[in-house]
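I opened this notebook page to keep a record of what I looked up in the structure, entry by entry. The order follows my own reading.

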Amino acid sequence: MTLSRESHTSTSNSILPQSANLLTENGKFKKSMASALPSGDQGAAEANSGNGGQMQKKPFTFNEIVLRNRLTALVVDGDNFCRLLEQGILQAYGLETQSVNNGDAAVELIASGAKFDLILIDMLLPILDGVEATRRIRAMGMRCKMLGVTACSGERERQAFLAAGVDMFVEKPLGPEILIPVLRELDGQV
Amino acid sequence: MERNPLRRQLQIMRKSLFDQGYLDEQFVQLEELQDDSNPNFVEEVVTLYYRDSARLILNIEQALERKPYNFHKLDAYMHQFKGSSSSIGAKKVKAESTLFREYCKSGNGEGCMRCFQQLKKEYATLRKKLEAYFQVARQAGPMETACRPK
């Protein structure tokens with residue numbers, strides 16, 4: 001299924017319209033990692049739907065990890081907004097990121113020798129879908145952590161994506177409760 | 001309790017958005033990425049979402065004008081739309097997106113049409129509420145409801 005034939009690879013992430021202003025001049029996502037630790041009374045904010053966004057202790061927040069090592073990630077998502085947001089969130093956690101908007105571009109990038117510690121890949125992608133792209137990436141010997149991050153939620157999709165080689169099947173959105181333990185593991189903090 | 005009347009109003013508006021099920025926890029995750037160096041981050045993300053998703057809404061509308069329905073194409077569009085909607089915490093919009101995809105899978109054209117109409121209502125309602133919320137937020141100045149602690 002082809003939604004778009006545009007093959008887009010972004011490292012500096014300059015695909016946003018000017019007015020969106022989410023990026024610095026260097027094209028980095030406009031969010032710097034804090035060096036300050038959370039204060040005691042506000043450290044972990046939690047909002048539950050239907051609970052008025054009130055504070056409950058939450059296991060993970062954005063502040064809970066500071067990476068010690070250089071980690072790299074590839075975001076593979078056909079949706080501009082999701083790709084940008086996921087890439088930006090990973091950058092905010094301190095990862096160096098690249099992104100592509102279709103499965104074929106992801107496979108080509110890996111085949112060219114690019115290596116990543118983490119790959120976030122959606123299931124429905126233009127040109128080459130996420131399941132087949134994952135299969136081909138694994139067949140090339142890439143053993144990095146791969147998260148299938150998708151709006152698909154069925155058990156059949158989950159099994160198909162896992163069988164293709166993703167380590168985890170994550171229904172969008174990707175939250176810190178999933179991402180932080182993964183980053184800790186990749187960073188050797190576990 | 002917030003003494004500043006604008007911030008108090010903001011808290012009430014925010015609480016209402018969650019209590020009435022318009023937003024879920026993902027919105028809080030976005031708020032946590034906001035800080036003094038980018039105090040309008042959440043508004044900018046939401047603005048980008050509405051700008052980007054308008055194209056998908058149009059695609060779906062056009063696809064629903066063509067009979068017989070191409071359920072595979074409709075599902076693909078809605079897959080994208082659901083993904084981006086869930087990324088800003090648009091809870092009701094996400095729920096309608098999920099329902100729409102189920103109608104696609106079962107080949108229920110009437111269901112798709114009805115669901116899409118409801119989805120557009122929720123999408124528009126959320127937009128109005130968030131626009132009002134961000135307007136007050138800008139007047140109130142930086143808020144600390146769920147931002148990273150200093």
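Entry one, burial in chain B. I began with how much of the chain is covered, bearing in mind that this is a predicted model, and found that buried residues make up 55% of the 150 residues in chain B. I then looked up the accessible surface of chain B, which comes to about 6,800 Å², with 50% of that area belonging to carbon and sulfur atoms.

Taken along the principal axes, the C-alpha atoms of chain B fill a box of roughly 55 × 25 × 20 Å. I also checked the contacts in chain B with a separation of 6 or more, and noted that residues 24 or more positions apart account for 68% of them.

I then turned to Tyr69(B) and Phe71(B), an aromatic pair that is edge-to-face, with 5.8 Å from centre to centre and 75° between the planes. Are its two members buried or partly exposed? Tyr69(B) has a relative accessible area of 15%, which makes it buried because the limit is under 20%, whereas Phe71(B), with a relative accessible area of 21%, is partly exposed.

Which residues do ring pairs link into a cluster? I listed Phe81(A), Tyr49(B), Tyr50(B), Phe81(B) and Tyr123(B), so written with their chains because the ring pairs link residues of chain A and chain B. Separately, I noted that Lys92(B) lies over the face of Tyr22(B), at 4.3 Å from the ring centre.

For residues 72–187 of chain A, UniProt lists "domain: Response regulatory", and the entry is an unreviewed one. Over residues 72–187 I found the chain to be 47% helix and 21% strand, and the end C-alpha atoms of this stretch to be 11 Å apart.

Conventions:
Residues numbered from 1 in each chain as written. Chains lettered and ligands numbered in written order. Predicted model: local features only at pLDDT ≥ 70, side-chain atom pairs only at ≥ 80, totals over all residues. Heavy atoms only, no water. UniProt positions renumbered as here; feature names shortened; annotations may be inferred. Helix = DSSP H or I, 4+ residues; strand = E, 2+ residues; numbered from the N terminus. Phe/Tyr/Trp six-rings, centres within 6.5 Å; stacked < 30°, edge-to-face > 60°. Buried < 20%, exposed > 50% of the residue type's maximum accessible area, 1.4 Å probe, protein only. Lys NZ or Arg CZ within 6 Å of the ring centre and 35° of its normal. Contact = heavy atoms within 4.5 Å. Areas by Shrake-Rupley, 256 points an atom, 1.4 Å probe, with all protein chains shown as cover.
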